[in-house]
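Hi,

Here is the structure I promised you.

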Amino acid sequence: MVVLVSPRLAVIDIRRVLSTTFHAAKLLKYWARGGDQILNASSDYAGLAAYAAKRADGSLSLLFINKSPTSTLNASVNLASYTPAASA
């Protein structure tokens with residue numbers, strides 16, 4: 001096991017940190033692309049990151065990241081100030 005010691009003297013398993021970052025980066029290529037408009041998104045829970053993008057074709061792309069390595073989260077999504085295309 002490769003570990004780092006943080007300034008607060010907590011032991012961090014670098015494999016878990018790199019793995020989490022790697023998987024989040026892989027998700028980003030599906031979330032938004034060049035020409036997309038990044039929108040404001042928020043979460044009421046600190047352990048859940050929310051991101052939104054309006055794609056060039058007018059569709060909405062949402063990305064949620066659970067920041068907890070051990071907890072499963074259930075979430076409700078509320079869309080405000082977004083009007084879908086007529087064919088949605």
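The side chain of Asp36 has a polar atom 2.7 Å from the backbone nitrogen of Arg33, and that side chain also reaches the backbone nitrogen of Ala56, at 3.0 Å. I counted polar contacts as N or O pairs within 3.5 Å, with one atom able to donate a hydrogen and the other to accept it; residues adjacent in sequence count only if both atoms are side-chain atoms.

Please keep in mind that this is a predicted model, where local features need pLDDT of at least 70, side-chain atom pairs need 80 or more, and totals for chains, interfaces and linings use all residues. Residues are numbered from 1 along each chain as its sequence is written, and side-chain values use heavy atoms, without hydrogens and water.

Asp36 sits in the loop between H1 and strand E3 (37-39) (helices are DSSP runs of H or I with at least four residues, strands of E with at least two, numbered from the N terminus). Asp36 is buried but has no salt bridge, and Arg55, the nearest side chain of opposite charge, is 4.3 Å away. Buried means under 20% relative accessible area, exposed over 50%, and partly exposed in between, with a 1.4 Å probe and protein chains only. A salt bridge needs a Lys or Arg side-chain nitrogen within 4 Å of an Asp or Glu carboxyl oxygen; Lys and Arg count as positive, Asp and Glu as negative, and His and the chain ends are left out.

Beyond four places in sequence, the contacts of Asp36 (heavy atoms within 4.5 Å) are Trp31, Lys54, Arg55 and Ala56. Trp31 is itself buried, at 12% relative accessibility.

Best wishes
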